[in-house]
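This note sets out points for a reader who is meeting the structure for the first time. Please keep the sequence and the model in view while reading.

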Amino acid sequence: MDPSKTPGLGASGAVNAIMLLNIFLNPMATLYFDFIIPVPAMLLGIFLIGKDLWRMTEGNNHISGAAHLGGAAVAAIAWARIRRGRF
């Protein structure tokens with residue numbers, strides 16, 4: 001079965017957009033990875049985007065890295081519009 005023809009299902013791209021928009025707006029905040037480990041938000045954002053890029057290059061067909069990166073792009077556009085006062 002060709003993975004490029006498998007339909008996407010779920011809201012993980014939208015959830016990723018919300019998480020990354022929060023990280024873009026508050027990059028110096030402290031977030032808790034797995035509810036235990038305190039991590040700077042900026043580092044967690046780099047990890048999330050890197051994990052999705054790795055997922056796309058590896059070809060993981062269970063989780064859509066492209067949908068997550070689409071959410072990251074939407075978050076970046078929303079962040080830029082908020083900074084310019086156009087949102």
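1. Terms and basis. A residue is called buried under 20% relative accessible area, exposed over 50%, and partly exposed in between, with a 1.4 Å probe and protein chains only. This is a predicted model, in which local features need pLDDT of at least 70 and side-chain atom pairs count only at pLDDT 80 or more, whereas totals for chains, interfaces and linings use all residues. Residues are numbered from 1 along each chain as its sequence is written, and side-chain values use heavy atoms, with hydrogens and water left out.

2. Confidence. pLDDT is the predictor's confidence in each residue, from 0 to 100. The protein chain has a mean of 84, and 85% of its residues reach 70 or more. Helices (H or I, at least four residues) and strands (E, at least two) are DSSP runs numbered from the N terminus. Confidence is lowest in α2, with a mean of 87, and highest in β2, with 92.

3. The salt bridge. The term denotes a side-chain nitrogen of Lys or Arg within 4 Å of a carboxyl oxygen of Asp or Glu. The structure holds 1 salt bridge, in which the side chains of aspartate 52 and arginine 55 meet at 3.0 Å, N to O. Both belong to helix α2 (residues 41–58); because they are 3 residues apart there, about one helical turn separates them. Aspartate 52 and arginine 55 are both buried.

4. Two strands pair if DSSP finds at least two bridges between them. Strand β1 (residues 30–33) pairs with strand β2 (residues 37–40) in the antiparallel sense, over 4 bridges. Leucine 31 has valine 39 in β2 as its bridge partner. The two strands, β1 and β2, form a hairpin with 3 residues between them.

5. The turn. Most residues other than glycine have a negative phi. Phenylalanine 35 also has a positive phi, of about 65 degrees. Aspartate 34 is exposed at 55% relative accessible area, and phenylalanine 35 is exposed at 81%. Isoleucine 36 lies in the loop between β1 and β2 and is exposed, with a relative accessible area of 66%.

6. Aromatic pairs. Rings of Phe, Tyr and Trp (its six-membered ring) pair if their centres lie within 6.5 Å; planes under 30 degrees apart count as stacked, over 60 as edge-to-face and the rest as tilted. The count comes to 2 aromatic pairs. The ring centres of phenylalanine 24 and tryptophan 79 are 6.1 Å apart and the planes stand at 55 degrees, so this pair is tilted. The pair links distant parts of the chain, 55 residues apart: phenylalanine 24 in helix α1 (residues 12–25) and tryptophan 79 in helix α3 (residues 65–84). The rings of phenylalanine 33 and phenylalanine 47 have centres 5.9 Å apart and planes at 85 degrees, and are therefore edge-to-face. Phenylalanine 33 is in strand β1 and phenylalanine 47 in helix α2, so the pair ties together parts 14 residues apart in sequence.

7. The surface patch. Patches consist of residues with over 30% relative accessible area and no salt bridge, like charges being joined within 9 Å and nonpolar side chains (Val, Leu, Ile, Met, Phe, Trp, Tyr) within 5 Å. Accessible areas come from the Shrake-Rupley method with a 1.4 Å probe, and for residues only the protein chains shown count as cover. Phe33, Phe35, Ile36, Ile37 and Phe47 form a nonpolar patch on the surface, with about 590 Å² of accessible area together. Phenylalanine 33 is partly exposed at 32%, as is phenylalanine 47 at 42%.
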